[in-house]
Amino acid sequence: MADRDKTMRLLKTARGQIEGIMKMVEEDRYCIDISTQLMATQSLIGRITRQQALAQGTQAERDAKLAEIEAIVEKLAK
């Protein structure tokens, strides 16, 4: 299992980022600034996902998990 405290800390950071983005939208902030923050949040969530995937298993199992994650991210990016 991945380090629970680290995962929770990262999730709380992501939550704070999302709340900040919501405030930016409410304030009708510049779209590029909002997009930049969205990409930063996506990156953080990706780190959390990779951390969880790499927490256990053999190298082959971790590689398979990463391939699954990449496929999901690619699908969501469309």
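## Arg-29 and its salt bridge

Arg-29 is partly exposed in this predicted model. Its relative accessible area is 40%. The side chain of Arg-29 meets that of Glu-27 in a salt bridge, at 3.8 Å from N to O. Glu-27 also counts as partly exposed, at 43% relative accessibility. A search of the whole structure finds 1 salt bridge.

## How H1 and H2 pack

Helix H1 covers residues 4-26, and helix H2 covers residues 31-53. Their axes come within 10 Å. They cross at roughly 165°. That angle makes H1 roughly antiparallel to H2, because angles over 145 degrees count as such. The crossing of H1 past H2 is left-handed.

On the H1 side, the contact includes Lys-6, Leu-10, Ala-14, Ile-18, Ile-21 and Val-25. On the H2 side, the residues include Ile-34, Leu-38, Thr-41, Ile-45, Ile-48 and Gln-52. By class, the contact of H1 with H2 has 13 nonpolar, 7 polar and 3 charged residues.

## Leu-10 in the contact

Leu-10 sits in helix H1. Leu-10 is buried because its relative accessible area, 8%, falls under the 20% cut-off. Set aside its neighbours within four places in sequence, and Leu-10 is in contact with Leu-44, Arg-47, Ile-48 and Gln-51.

Leu-10 and Ile-45 are 35 residues apart along the chain. Their C-alpha atoms are separated by 8.0 Å.

Key
Residues are numbered from 1 along each chain as its sequence is written. This is a predicted model: local features need pLDDT of at least 70, side-chain atom pairs count only at pLDDT 80 or more; totals for chains, interfaces and linings use all residues. Side-chain values use heavy atoms; hydrogens and water are left out. Axes are lines fitted to C-alpha atoms, for helices over the stretch in contact, and angles run from 0 to 180 degrees between N-to-C directions. Helices (H or I, at least four residues) and strands (E, at least two) are DSSP runs, numbered from the N terminus. Angles under 35 degrees count as roughly parallel, over 145 as roughly antiparallel, 65 to 115 as roughly perpendicular and the rest as oblique. A crossing is left-handed if the near helix is turned anticlockwise from the far one by less than a right angle, and right-handed if clockwise. Contact means heavy atoms within 4.5 Å. Ala, Val, Leu, Ile, Met, Phe, Trp, Tyr, Cys and Pro count as nonpolar, Asp, Glu, Lys and Arg as charged, and the others, Gly among them, as polar. A salt bridge is a side-chain nitrogen of Lys or Arg within 4 Å of a carboxyl oxygen of Asp or Glu. Buried means under 20% relative accessible area, exposed over 50%, partly exposed in between (1.4 Å probe, protein chains only).
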